Amino acid sequence: MNEFVVNDVVNGIPLSLISSYGVFSKKKLDLGTRMLLENIVLPEEGVVADIGCGYGPIGIYIALKNPNLKIYMIDIDKKAVYLAEKNVKRYRLENRVIVIRNNILENLDIQLNGAYSNPPLKAGKEFIEKLAQQSYERLLHNGVLEVVVYKGEKNVLDIFGKYFNEVKIVKRAKGYSIILAVKN
């Protein structure tokens, strides 16, 4: 397998991640993910999920930023899960980062303080609907769902609004929006 190393620094945290063909943004950190990481709202402690983790930039960043969190990195793609596991081992985070091959949060019996995602464009409204519903069901009181959206802000706001009382746009730039929903 041809592999690349994606090197970047976000908020002073250096990332050096193994990537490959067939995963999103394989050669560099994309703008949407960078915006999410720069504006991420993390709990002080607890359990969070990186949904659609790809090779792992969001989950690994969260683990490095806050050592008090347990992180589930979830993706349906076999190659993404393989690369994410490799990156977790690379950073020696196996004691608190669990990589799972799964569709969103289906059949996972976990309670979360936060859920984060940069969903693929092709996933569409159906993915956003499932993400909102499944996250809402598993988030604890004051838990957050934070996502990157590229040119679909209104749809996401409408869908999140069906589940969450508090939904807001944290940041907008170059067609991207960072949307935060809080369960209260």
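This is a short walk through the structure above, telling you what to select and what you will find there.

The model is predicted, so local features need pLDDT of at least 70 and side-chain atom pairs count only at pLDDT 80 or more, while totals for chains, interfaces and linings use all residues. Residues are numbered from 1 along each chain as its sequence is written, and side-chain values use heavy atoms, with hydrogens and water left out.

**Stop 1: the annotated stretch**

Select residues 16-179. UniProt lists them as "domain: Methyltransferase small", in an unreviewed entry; the positions follow the numbering used here, feature names are shortened, and annotations may be inferred rather than shown by experiment. Over residues 16-179 the chain is 34% helix and 32% strand, and the end C-alpha atoms are 26 Å apart. Helices (H or I, at least four residues) and strands (E, at least two) are DSSP runs, numbered from the N terminus.

**Stop 2: helix α1**

Now pick residues 31-38, which form helix α1. Six of its eight residues are buried, namely Gly 32, Thr 33, Arg 34, Met 35, Leu 36 and Leu 37. Buried means under 20% relative accessible area, exposed means over 50%, and partly exposed is in between (1.4 Å probe, protein chains only).

Asp 30 caps the N-terminal end of α1, with a side-chain oxygen 3.2 Å from the backbone nitrogen of Gly 32. This is a polar contact: a pair of N or O atoms within 3.5 Å, where within protein one must be able to donate a hydrogen and the other to accept it, and residues adjacent in sequence count only if both atoms are side-chain atoms.

**Stop 3: the nonpolar cores**

Which residues touch the most other members of the largest nonpolar core? Select Leu 37, Ile 62, Ile 71, Met 73 and Tyr 116, out of 38 residues in that core. A nonpolar core is a set of buried Ala, Val, Leu, Ile, Met, Phe, Trp, Tyr and Cys residues joined through side-chain atoms within 4.5 Å. A second, separate core has 26 residues, including Ile 100, Leu 108, Ile 159 and Ile 179.

Zoom in on Ile 71, in strand β4 (residues 69-75). Ile 71 is buried, with a relative accessible area of 0%. Leaving aside neighbours within four places in sequence, Ile 71 is in contact (heavy atoms within 4.5 Å) with Val 48, Gly 59, Ile 62, Ala 63, Arg 96, Val 97 and Ile 98.

**Stop 4: Ser 117**

Move to strand β6 (residues 112-117), where you will find Ser 117. Is Ser 117 buried or exposed? At 0% relative accessibility, Ser 117 counts as buried. A polar atom of the Ser 117 side chain lies 2.8 Å from the backbone oxygen of Ile 51.

**Stop 5: the loop between β5 and β6**

Select Asn 102, in the loop between β5 (97-101) and β6. Asn 102 counts as buried, at 16% relative accessibility. The Asn 102 side chain reaches the backbone oxygen of Ile 104 at 3.4 Å, and a polar atom of that side chain lies 2.9 Å from the backbone oxygen of Glu 106.

Ile 104 is found in this loop as well, and counts as buried at 4% relative accessibility. Look at its backbone: most residues other than glycine have a negative phi. Phi of Ile 104, however, is near 55°, a positive value. You can find another positive phi at Asn 142, near 70°. Asn 142 is in strand β7 and is partly exposed, with a relative accessible area of 47%.

**Stop 6: the aromatic rings**

Rings of Phe, Tyr and Trp (its six-membered ring) pair if their centres lie within 6.5 Å; planes under 30 degrees apart count as stacked, over 60 as edge-to-face and the rest as tilted. The count comes to four aromatic pairs. Select Tyr 150 and Tyr 176: their ring centres are 4.7 Å apart and their planes are at 50°, so the pair is tilted. Tyr 150 is in strand β7 (residues 139-150) and Tyr 176 in strand β9 (residues 176-182), 26 residues apart. Tyr 150 is partly exposed, at 31% relative accessible area, whereas Tyr 176 is buried, at 19%.

Next, show Phe 160 and Phe 164, both buried. Ring pairs link Tyr 136, Phe 160 and Phe 164 into a cluster.
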